[in-house]
Amino acid sequence: MNRKYELRNDIDEVGLRKIDRVIKYLKSLNIETKTWYHPPLPTIDLAMEYWKDMPGTHCKNLFFRNHKGNKHYLVIFECSKNLDIHTLEKKLQQGKLSFASPQRMNKYLGVEPGSVTPFGLINDKEHHVFLFIDSCLKSADEISFHPNDNRASTVVNGEDFFRFLDNRGNNYSFIDV
């Protein structure tokens with residue numbers, strides 16, 4: 001039996017619906033995807049073991065809120081880089097930031113902690129979330145993210161990723177990490 005298939009069978013219905021919805025959305029934009037199924041990967045350290053044989057640039061995705069809690073930011077950067085919150089606050093110039101709660105993750109991205117991804121923007125109907133994207137990702141040939149569940153990773157062409165973002169309508173800008 002194909003191990004990929006077995007792992008897909010290990011994902012509950014809610015997770016499979018999230019994954020399938022992302023893949024269907026990307027296909028509606030004529031974006032080709034490659035998806036790998038694996039155990040839950042809530043941290044980069046765990047993910048690296050599974051991502052080492054996957055193509056593409058792998059990313060960290062951090063979801064923040066401002067001090068008042070009325071603005072939310074998704075910060076995306078290459079996974080081998082480190083960025084502390086104080087440096088990030090200075091770069092973004094958005095005031096004091098804190099990690100968004102699981103409730104906010106669910107409300108704006110439809111994901112749980114450990115599954116934060118820009119693909120969650122398909123759930124942000126009001127285009128509330130602003131993205132800050134590491135400038136190095138502009139030149140990524142392929143890029144990977146969890147498809148709204150950390151038991152899978154989906155790789156898309158780099159240009160197609162930005163086409164996805166443009167289609168979603170959320171504002172974004174580039175930063176140097």
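Reader: Which side chain meets that of Arg163 in a salt bridge?

Author: A salt bridge is a side-chain nitrogen of Lys or Arg within 4 Å of a carboxyl oxygen of Asp or Glu. Here the partner of Arg163 is Asp160, at 3.0 Å from N to O. Both residues lie in helix H6 (residues 158-168), three residues apart, about one turn of the helix; helices (H or I, at least four residues) and strands (E, at least two) are DSSP runs, numbered from the N terminus. The model is predicted: local features need pLDDT of at least 70, side-chain atom pairs count only at pLDDT 80 or more, and totals for chains, interfaces and linings use all residues. Residues are numbered from 1 along each chain as its sequence is written, and side-chain values use heavy atoms, with hydrogens and water left out.

Reader: Is Asp160 buried or exposed?

Author: Buried means under 20% relative accessible area, exposed over 50%, and partly exposed in between (1.4 Å probe, protein chains only). Asp160 counts as buried because its relative accessibility is 17%, whereas Arg163, at 35%, is partly exposed.

Reader: Which salt bridge links distant parts of the chain?

Author: Lys81 and Asp134 form a salt bridge at 2.8 Å, N to O. Lys81 is in the loop between strand S3 (72-78) and helix H4 (85-92), and Asp134 is in strand S5 (residues 129-134), 53 residues apart. With 1% relative accessibility, Asp134 is buried; Lys81, at 23%, is partly exposed.

Reader: How many salt bridges does the structure hold?

Author: The structure holds six.
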